[in-house]
Amino acid sequence: MAEAPKLFKVTIDNITIEVPPGTSILNAARMIGGDVTPPAMCYYSKLQGSGGKCRTCLVEVAAGSTADPRPMPKLVASCRTNVMDGMVVKNITSERVTDARNGVVEFLLINHPLDCPICDQAGECHLQDLGYDHGKESTRYEFSRRTFDREDIGPYIQLHMTRCILCYRCTYVADQLTDNRVHGILDRGDHAEISTYISKAIENDFSGNMIDVCPVGALTDRTFRFKNRVWFTKPVDAHRDCPTCCGKVTLWNRGDEVLRVTVRKDPWGEVQSYDGKPGWICNTCRFDKKKLSDWVIEGPTKIARHSVMGANHYINAKRPLETISEVMGGRHPRVLMDIHKVSDVNQPEVMLSELPGPATGDTFNGQKLEYSTNITDGKIGSPSNEEGTDSTNPNTP
Amino acid sequence: MGRKLLLDKAHIENIRLYDVYRREGGYRSVEKALKSMSPDQVTEEVKKSGLRGRGGAGFPTGMKWSFLAKPEGVPRYLVVNADESEPGTFKDRYLMEFIPHLLIEGMITSSYALGSSRSYIYIRGEYAWIVDILEQAIAEAKNNGWLGKNILGSGFDCEIYVHPGAGAYICGEETALLESLEGKRGNPRIKPPFPAVKGLWDCPTVVNNVETIAAVVPIVNEGGEEYAKIGIGKSTGTKLISSCGNIKKPGVYEIDMTISVEEFIYSDEYCGGIPKGKRLKACIPGGSSVPILPANLLLKTAKGETRMMTYESLADGGFATGSMMGSGGFIVLDETQCVVRHTYTLARFYRHESCGQCSPCREGTGWMEKILLNIENGKGKMTDVDLLWDIQRKIEGNTICPLGDAAAWPVAAAIRHFRDEFEWHILNPEECLRRNYGLANYGSVPAKV
Ligand SMILES: Cc1cc2nc3c(=O)[nH]c(=O)nc-3n(C[C@H](O)[C@H](O)[C@H](O)COP(=O)(O)O)c2cc1C
Ligand code: SF4
Ligand code: SF4
Ligand code: FES
């Protein structure tokens, strides 16, 4: 049977696109891009078998195909449903979808600690983004949340199961990238947990990639934990000749210091592919090469604008009009200080919500208020006290 | 007396043994099929019989069989679902325990129809002693030439293996069952592909309930058309009902689907009525997952017709005023039973059994359980009832497998039909607590009739 190179026509939220047979609705929507693309918390195009679990990507199929234009009765997981020719899909144009998705987000959040300010993933967390887009201001959940102790799995990775949304991505990494699988899921239901066979057994050249696929702060880099907030670091693309992996990485620097090394990410928060091969990196590149001299710097990393640190989710956020004592329900706390007096960063005259991108040191130094790329080539690695930079400020290169 | 096709011989002494079973006419269907019928003809008879899956969904078995993909050079499998873990359901257990050869016979005939040379029984782990019974039956069948190579000289080979599960309800869901059978964690697969195309070890597979496969024996023996004459409409043949709860005679009954629910509950041939002169309050007619019905809607449909023990009649009125035949686990509640506590018990079960793959089921089941426990303990709020409704609504239909729905439906139905009882709990917290410690009789709550 010769494969006719026929393309399938699919209409998503009234936008029509032609895609090769075998494309999932989600990937077709990604080709269109923008708001039409459903959020995906568990699907990871580079991990075989992933997806279908979190249910954030549910969409309504208003017409199955030209041949069989009946609508599908249930919402379907767009990441695991392939398009048919003539399919009509509704994502943000469907109230059912919005309703179900809000429900899913609520479910994901009921057992999630809502303490982003102390979570290492804050700023690059997909659940945080999802919460901004679909979450409610308050919770209807009035019970204690599921908690676990933090656990170091191996010398490089820390698991904080309390934050896990059980997307299974890391288990697929364990399955597909590392050779002796020791990482999986124990128990079931809301008492299920990620675990390694023997607590500290994750030692494998590629295990560090689990950190990058984890959409939340459940798996974090022990060599980076709480060294810095991610939005204070400067991401740059860099590479080295690595015998084990592609050696193409993003360095997250502060001044001359390489704080963290990660894979490079595509606009969907997934690892970038090179010639069709996902650019996973080895643990040597990730954890051992922490000097700028180990790397050839390519230039600034473009941060996808969907993340909290990239986009400005605070735009249009309402400022409360109440005064402190009203907010505090009439109470007068004994210790109350004006945060603006003790921190440079929080200055009332700087309207963070109106900045087009992440705040930088310059924002607060009052030097340059318009947004520009944080870093310029050539300055990386050189003593950074030239004009316009300030090596004592964490936010300048 | 209704007709019995499966359990008519179950009480014969030593029917568990091959010699007795054979003497009573056992294995005739294998002879008939292998000697005088083609596999497709067997499938055709099953289609004509109108047999519907007895595992819960009631999908027409003949149609399921004809969907089985048959690519060249790829093995096909028959897997019998004996996981039976639905609360209130214990019919397969009875069948396997008392007349195991009926299942083995049905499996050989069905395997012939489907072209499966290796068939499996995936049995609930807690049924450990039945594993031995089945293994013995298989060994006997093999010794007598009904299993193995070239059965009856027909050129058809067949082996049957028994695989015990490890105690998870979810492994009764057909794709979770296949995962478990492959030695993996029993998480339901995302469908499509369906097992008929990609099932066990990625090969085309049919998964059927124990009772479904056992019913193939009388169908082949007597012909599909004869079988279809029993019952009403699309509910053909006989059905095993395991009844329990507040009835005089709990147990497994084989009914031909022509009797009314009222007759089933009150006649001495079946449940024998409600003990101690109590009144009927409600009933779950098809296993814990299906909607509960208050007595008035149980005995008569919303249209005022008599409700019959058939797939169609039990489902009459949809979920608004009807329920489902489900797996045939018939749970009866009398006027002293508390629907809130009952719903809480079910919610606890589903929370415990959710595999945890998809967020709505994983988180929603736990949330519902906690709210229901609060209400049951007199700590509920009026808004909790609407919240429960909203949670179940957001689980239903949004999950990978039907366990999410199965967790949502009982809660939805309980609120739909017994909202006043939830509200009573919320308004009478002390009374609830006292009752929980066994100090008060709950009989003061108005029964539903
Ligand atoms: C959570 C869950 C549990 C199930 N448990 C069983 C079971 O214990 N036994 C069974 O026969 N079917 C069970 N089923 C139904 C099976 O998925 C499947 O539909 C059935 O085995 C098909 O057989 P049938 O067509 O003969 O009914 C279950 C389904 C779900 C969703
Ligand atoms: S630890 Fe992270 S990647 Fe692994 S299942 Fe949990 S959320 Fe997903
Ligand atoms: S609905 Fe529940 S049991 Fe079924 S796959 Fe989802 S989490 Fe697992
Ligand atoms: S991304 Fe599709 S279900 Fe999670």
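## An exposed loop residue in chain A

A67(A) counts as exposed because its relative accessibility is 78%; here exposed means over 50% relative accessible area, buried under 20% and partly exposed in between, with a 1.4 Å probe and protein chains only. A67(A) belongs to the loop that joins β3 (58-63) and β4 (76-77) of chain A. Helices (H or I, at least four residues) and strands (E, at least two) are DSSP runs, numbered from the N terminus. A separation of 164 residues in sequence lies between A67(A) and W231(A), and their C-alpha atoms are 50 Å apart in space.

## Basis of the model

The model is predicted: local features need pLDDT of at least 70, side-chain atom pairs count only at pLDDT 80 or more, and totals for chains, interfaces and linings use all residues. Residues are numbered from 1 along each chain as its sequence is written, chains are lettered from A and ligands numbered from 1 in the order in which they are written, and side-chain values use heavy atoms, with hydrogens and water left out.

## Chain A as a whole

Chain A contains nine helices and 16 strands. Of its 397 residues, 51% are buried. Among the contacts in chain A with a separation of 6 or more, 64% join residues 24 or more positions apart; contact means heavy atoms within 4.5 Å.

The accessible surface of chain A is about 19,900 Å², and carbon and sulfur atoms hold 52% of it. Such areas come from the Shrake-Rupley method with a 1.4 Å probe; for residues, only the protein chains shown count as cover.

## Domains of chain B

Chain B is assigned domain 1 (18-229), domain 2 (235-334) and domain 3 (339-442); these bounds come from an automatic or database domain assignment. Between domain 2 and domain 3 of chain B, the C-alpha centres are 23 Å apart. The contacts between these two domains involve 14 residues of domain 2 of chain B and 14 residues of domain 3 of chain B.

## Two buried polar side chains in chain B

T236(B) is part of strand β6 (residues 235-236) of chain B. With 6% relative accessibility, T236(B) is classed as buried. A polar atom of the T236(B) side chain is 3.1 Å from the backbone oxygen of G50(B). That is a polar contact, defined as a pair of N or O atoms within 3.5 Å; within protein, one must be able to donate a hydrogen and the other to accept it, and residues adjacent in sequence count only if both atoms are side-chain atoms. Beyond its neighbours within four places in sequence, T236(B) has contacts that include S49(B), R54(B), Y227(B) and M257(B).

E353(B) is found in helix α15 (residues 339-353) of chain B, and its 7% relative accessibility makes E353(B) buried. A polar atom of the E353(B) side chain is 3.0 Å from the backbone nitrogen of Y169(B). Not counting residues up to four places away in sequence, the residues that E353(B) touches include R188(A) of chain A, and G167(B), I170(B) and L403(B) of chain B.

## Helix α17 of chain B

Helix α17 (residues 382-395) of chain B has buried residues that include V385(B), L387(B), L388(B), I391(B) and I395(B), as well as D384(B), D390(B) and K394(B). Their cover includes α2 (95-110) of chain A, along with α16 (359-376) and α18 (403-427) of chain B. After α17(B) comes G397(B), which has a positive phi, near 80 degrees.

## Ligand surroundings

Ligand 1 is surrounded by 18 residues, of which G55(B), E84(B), N208(B), N209(B) and T212(B) are the closest; a residue is near a molecule or strand if one of its heavy atoms lies within 4 Å of it. The shell divides into four nonpolar, eight polar and six charged residues. Ala, Val, Leu, Ile, Met, Phe, Trp, Tyr, Cys and Pro count as nonpolar, Asp, Glu, Lys and Arg as charged, and the others, Gly among them, as polar. Strand β4 (residues 205-209) of chain B contributes the most to this shell around ligand 1, with three residues. Oxygen atoms of ligand 1 lie 2.8 Å from a backbone N or O atom of E84(B) and 2.8 Å from a polar side-chain atom of N208(B). On its own, ligand 1 has 600 Å² of accessible area, and the protein covers 90% of this.

Around ligand 2 are residues of chain A, including C164(A), C167(A), C170(A) and C214(A). This shell around ligand 2 holds 12 nonpolar residues, with no polar and no charged ones. Ligand 3 has 13 residues around it, and C355(B), Q357(B), C358(B), C361(B) and C401(B) come nearest. The shell around ligand 3 consists of eight nonpolar and five polar residues, with no charged ones.
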